[in-house]
Every structure is written in C-alpha cells, then in structure tokens.
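These are my notebook entries on a structure that I had not examined before. I set down what I looked up, entry by entry.

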Amino acid sequence: MNHRPADDHGSSSGSSSGSGSGPSPGGWTGSTTARCLHAVVALVCAAGLVTSLHLGWTTDTDLPLGVGYHGGFTAGWEHALNQPAYFTVLSGLLACLTSAMLALRPHRTSEIFRAARLCAVVCVIITGMVFNLLLRGPDVLTGVRWINDTVLHLIVPVLVPAVWMLVGPRGWVTGRVVALSLVVPVGWLGVTLARGPRIDWYPYDILDVPGMGYAGVGVYIGSILAGYLAVACLLWGLDALLTRLTPE
C-alpha cells in the first residue's frame with residue numbers, strides 16, 4: 001500500500017520443542033521443492049522492496065488530494081528509509097524475511113517465528129484487499145511505479161498465501177500464535193498514529209487524523225483489525241485441515 005497511484009535446506013524432522021507446537025516440516029513441506037518455492041517468494045518480495053527503495057530515493061512524497069496533513073519527504077535517503085512506514089513495504093519485508101528463512105531451514109520451533117510467518121501471510125492478504133478496494137486511484141502507472149505496484153499489490157498478495165497453502169509448513173498456527181501475530185500490525189498502527197502529528201504526515205488517507213479525526217480513522221482501523229483477525233482465524237482453520245490431509 002505504498003505510493004498510491006493518485007500520489008502516491010534438505011528436509012528435517014522431529015517433534016517441536018516447548019517454544020513451538022505442531023508437527024515439524026518433513027516430507028513435502030520440508031522438501032527441496034518447497035524450499036525452492038520459499039526462495040522464489042523471497043526473491044519476488046525483494047524485487048518489490050528494491051523498487052520501493054528506488055522510488056523513495058528518486059521521488060518526493062505525493063500527498064493524496066484533500067487530506068488534512070501537509071508533511072512529507074523529499075527524494076533521497078530520508079524518503080527511502082521511510083518506506084517501511086508504508087504497510088505494503090512492511091508486510092513485503094516480513095514475507096521476504098520469513099520466506100528466506102524457510103528456504104534456508106524449514107524446521108523451526110520458535111513460536112515467535114511462527115507468529116511472524118502467520119503475520120506475513122495475513123498482512124500481504126490485507127495489503128492486497130485494502131489497497132485494491134480502498135486506496136487504488138485512477139492514474140495509469142508506468143515504469144518503476146508500475147513494477148512496484150504490480151509486484152507488491154497484485155503478485156505478492158496472491159503468491160505468498162498460495163505457497164503457504166501448497167507447502168506450509170503445517171501445524172504451526174494456534175490461538176497463541178494468532179494473538180502474537182497481532183503485535184506487528186498493532187505496533188505499526190501505534191507508531192504511525194504517534195508519529196503522524198510530529199511530522200504532519202500519514203502513509204494513507206484512511207489514516208488522515210487531521211482530516212477525519214480519531215473517530216473517523218478509528219472506523220477504518222477497527223475494520224482492518226477485524227479483517228486481520230478474520231483472515232488469521234481462517235488460516236488457522238485451513239492450517240488444521242491441511243495438517244490432517246497432508247502427509248508429513
């Protein structure tokens with residue numbers, strides 16, 4: 001959801017330790033093919049992240065029309081380093097890192113990693129839904145902007161959950177993992193809303209506190225968090241189902 005168009009491992013097995021739960025990724029989900037798929041996902045995400053850094057380095061912040069904030073960043077290192085403030089970039093980075101780590105070693109028992117992986121999958125789905133339904137503008141994009149938009153808003157939101165469904169790892173999602181996965185989106189919202197008044201800038205017009213007030217923004221925040229929980233719980237159910245159906 002960055003740069004609005006309008007502006008903007010051989011397999012391993014074993015039981016999990018007390019820090020995680022569920023079966024280890026043996027068989028298909030721990031195979032060389034599965035690790036290669038995770039590596040492909042990591043590379044695709046990395047390509048999108050590189051284009052985001054390029055856009056930050058070469059273009060100024062473009063503000064959506066009619067918003068109540070007026071700050072921003074000029075092209076250069078400050079705008080490039082600000083890219084993780086966009087939820088798209090943050091979710092793409094999380095998907096890139098967790099996919100790369102699974103490509104290197106699919107058997108991981110850390111509950112924190114499992115929460116991060118679930119968060120990455122949910123966040124890219126939310127990114128695709130929110131951007132394409134609420135934030136996409138009428139402008140026709142070209143060049144690097146088109147590549148960035150296509151990769152991070154169209155390809156990644158489909159590719160990441162597709163690979164998750166195909167190769168897992170399975171049996172990782174629990175109620176505790178779902179709860180832990182909320183740390184990233186809630187933390188991002190907290191930092192964004194605390195930082196916004198200081199720099200007079202917000203990454204999206206649906207977070208336009210000066211224009212809509214906290215009550216107006218709260219409607220979007222509540223809806224997005226509810227959607228996050230709904231998707232996370234759906235993946236929890238799918239994970240349980242696929243664990244039973246997929247031989248490990």
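**Entry 1: α1 and its partners**

I looked up α1 and α3 and found that they are roughly antiparallel to each other, a label for angles over 145 degrees, whereas under 35 degrees counts as roughly parallel, 65 to 115 as roughly perpendicular and the rest as oblique. Their axes come within 8 Å and cross at roughly 150 degrees. I note that axes are lines fitted to C-alpha atoms, for helices over the stretch in contact, and that angles run from 0 to 180 degrees between N-to-C directions. The crossing of α1 and α3 is left-handed; the term applies if the near helix is turned anticlockwise from the far one by less than a right angle, and right-handed applies if clockwise.

Before going on, I recorded the basis of the entries. The model is predicted, so local features need pLDDT of at least 70 and side-chain atom pairs count only at pLDDT 80 or more, while totals for chains, interfaces and linings use all residues. Residues are numbered from 1 along each chain as its sequence is written, and side-chain values use heavy atoms, with hydrogens and water left out.

I then turned to α1 (residues 32–58) and α5 (residues 143–167), whose axes come within 9 Å and cross at roughly 155 degrees. α1 and α5 are therefore roughly antiparallel to each other. The crossing of α1 and α5 is left-handed. By class, their contact holds 18 nonpolar, six polar and one charged residues. For these classes, Ala, Val, Leu, Ile, Met, Phe, Trp, Tyr, Cys and Pro count as nonpolar, Asp, Glu, Lys and Arg as charged, and the others, Gly among them, as polar.

**Entry 2: The whole chain**

I looked up the elements of the chain and found eight helices and zero strands. Helices (H or I, at least four residues) and strands (E, at least two) are DSSP runs, numbered from the N terminus. Of the 248 residues of the chain, 50% count as buried. Buried means under 20% relative accessible area, exposed over 50%, and partly exposed in between, with a 1.4 Å probe and protein chains only. The chain exposes about 10,800 Å², of which carbon and sulfur atoms supply 71%. Accessible areas come from the Shrake-Rupley method with a 1.4 Å probe; for residues, only the protein chains shown count as cover.

**Entry 3: The core**

I looked up the largest nonpolar core, which has 53 residues. Such a core is a set of buried Ala, Val, Leu, Ile, Met, Phe, Trp, Tyr and Cys residues joined through side-chain atoms within 4.5 Å. V122, V160, Y204 and L207 have the most contacts inside the core. The elements that give two or more residues to this core include α1, α3 (87–104), α4 (111–135) and α8 (209–245). α4 gives the most, with 13 residues.

**Entry 4: α3 and α4**

I found that α3 and α4 pack at an angle of about 135 degrees, with their axes 8 Å apart. That makes α3 oblique to α4. The crossing of α3 and α4 is left-handed.

In helix α4 I looked up R114. R114 counts as buried because its relative accessibility is 2%. R114 and T98 are 16 residues apart in sequence and 9.0 Å apart in space, C-alpha to C-alpha.

**Entry 5: Two loops**

I noted as background that most residues other than glycine have a negative phi, and that most peptide bonds are trans. A cis peptide bond joins G168 and P169, with omega at about 5 degrees. I located P169 in the loop between α5 and α6. D200 has a positive phi of about 55 degrees although it is not a glycine. I located D200 in the loop between α7 and α8. At 30% relative accessibility, D200 counts as partly exposed.

I looked up V209, which has its place in helix α8. V209 is buried, with a relative accessible area of 10%. Its C-alpha atom and that of G196, 13 residues apart along the chain, are separated by 8.3 Å.

M212 also lies in helix α8. M212 counts as partly exposed, at 34% relative accessibility. M212 and V67 are 145 residues apart in sequence and 8.8 Å apart in space, C-alpha to C-alpha.
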